[in-house]
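Please open the model in your viewer and keep the selection panel at hand. The stops below are meant to be taken in order, each with something to select and something to look for.

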Amino acid sequence: MTGGPVGSVSWGANGDIPVVSSYTGDGRNEFTVFRPSNETWYNRALSGIRYAYWGRSGDIPVADQFGGSSFTEFTVYRPSTGEWFINHTSIADQYYRFGTSEDIPVPGQYSADSFADVAVYRPSDGTWYFMVRQSTNPAQDTFKAIRWGLAGDKPVPGDYDGDGILDIAVYRPSTGVWYVLRSSDNQVQTTHFGLPTDIPTTGDFNGDGIFDYAVFRPSTGSWYVARPTGVPAQNFDTYYFGINGDIPVTSNNGR
């Protein structure tokens, strides 16, 4: 099947990392990239264009609302030192030493408050580590760790049960199975959807408040999105959008 109207915007250069989110707090996701070569963020919003020198080459840019407001802050995770650097909009910038060089940053709202939590997934042992933040005061942060996943799994946190809190989840390429630990009832949810070469994507594609199982297949430029009812492997939508080598970009930030 085909989707709706198609548009294009030229924003970015070869080597840029897309970091789509709502950095101006108006609820609209904005074209934003981090350019490692000159350590600069380029943000294109309706209110204008912003440039921010924040981070270093080798840093991983992450997007979330660490300040507890509707604004997404420019933030980077530095694998070489396991450090987080958060560029707040209205308060002093923050720094966290949390993680190792092998960890994958997976920040988000894993608790029932408005502050995104600092979090990493460790592929070698399938452990998730969280610095749960209740405010901008580090003294109020709490630590927790959960074992969920195996070596080779890809972290795909999302709100799969619709309770407003991110669920811990992984996609296992070897079998095409998603494993979700629901935050609402601490129950396990498994779904087979995808192939080993697919790239798992996260987001609420139908607007029902629940994240959908979805993958991008580079070999054919196809997106496959499971429908909310029925067996996902038999009940899904297909969108032909992209070519081999493209980076799938989705976002439900700006909430």
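Begin by selecting Phe216 and Trp223, both of which are buried, where buried means under 20% relative accessible area, exposed over 50% and partly exposed in between, with a 1.4 Å probe and protein chains only. Before going further, note that this is a predicted model, in which local features need pLDDT of at least 70 and side-chain atom pairs count only at pLDDT 80 or more, whereas totals for chains, interfaces and linings use all residues. Residues are numbered from 1 along each chain as its sequence is written, and side-chain values use heavy atoms, with hydrogens and water left out.

**Aromatic pairs**

A search of the whole structure finds 21 aromatic pairs, a pair being two rings of Phe, Tyr or Trp (its six-membered ring) with centres within 6.5 Å, called stacked if the planes are under 30 degrees apart, edge-to-face if over 60 and tilted otherwise. Select Phe193 and Phe236 next: their ring centres are 6.0 Å apart and their planes stand at 65 degrees, so this pair is edge-to-face. Phe193 belongs to the loop between strand S16 (188-192) and strand S17 (199-201), while Phe236 is in strand S20 (residues 236-240), so the pair ties together parts that are 43 residues apart in sequence. Strands here are DSSP runs (E, at least two residues), numbered from the N terminus. At 5% relative accessibility Phe193 counts as buried, whereas Phe236, at 31%, counts as partly exposed. Return now to Phe216 and Trp223, whose rings form a tilted pair, with 5.4 Å from centre to centre and 50 degrees between the planes. To finish this stop, select Tyr160, Tyr171, Trp178, Phe211 and Tyr213, which ring pairs link into a cluster.

**Charges over rings**

Which ring lies under Arg35? Arg35 is placed over the face of Tyr42, 4.3 Å from the ring centre; a charge sits over a ring if NZ of Lys or CZ of Arg is within 6 Å of the ring centre and within 35 degrees of the ring normal. In the second example to select, the charged end of Lys144 is over the ring of Phe130, at 5.1 Å from its centre.

**Asp153 and its surroundings**

Centre the view on Asp153, which is found in the loop between strand S12 (142-147) and strand S13 (154-155). With a relative accessible area of 5%, Asp153 is buried. The side chains of Asp153 and Arg172 are joined by a polar contact of 2.9 Å, that is, a pair of N or O atoms within 3.5 Å, where within protein one must be able to donate a hydrogen and the other to accept it, and where residues adjacent in sequence count only if both atoms are side-chain atoms. A polar atom of the Asp153 side chain also lies 2.7 Å from the backbone nitrogen of Leu150. Leaving aside neighbours within four places in sequence, Asp153 is in contact (heavy atoms within 4.5 Å) with Tyr121, Val170, Tyr171, Arg172 and Pro173.

**Strand S14 and its partners**

Select strand S14 (residues 168-172) next: five of its five residues are buried, so S14 is largely enclosed by the rest of the structure. S13 and S14 run antiparallel and are joined by two bridges, two strands being paired if DSSP finds at least two bridges between them. Pro155 has Val170 in S14 as its bridge partner. On to strand S15 (residues 177-181), which runs antiparallel to S14 and is joined to it by five bridges; there, Val177 is the bridge partner of Arg172. Four residues lie between S14 and S15 in their hairpin, and Gly176 in the turn has a positive phi of about 70 degrees.

**An open sheet and a hairpin**

Finally, select the open sheet of four strands, ordered S5-S6-S7-S8 with antiparallel pairing. Strand S5 (60-64) and strand S8 (94-97) stand at the edges with a single partner strand each, so one side of each has no neighbour in the sheet. Between S5 and strand S6 (residues 73-78) there are five bridges in the antiparallel sense, and Ile60 stands opposite Tyr77 in S6.
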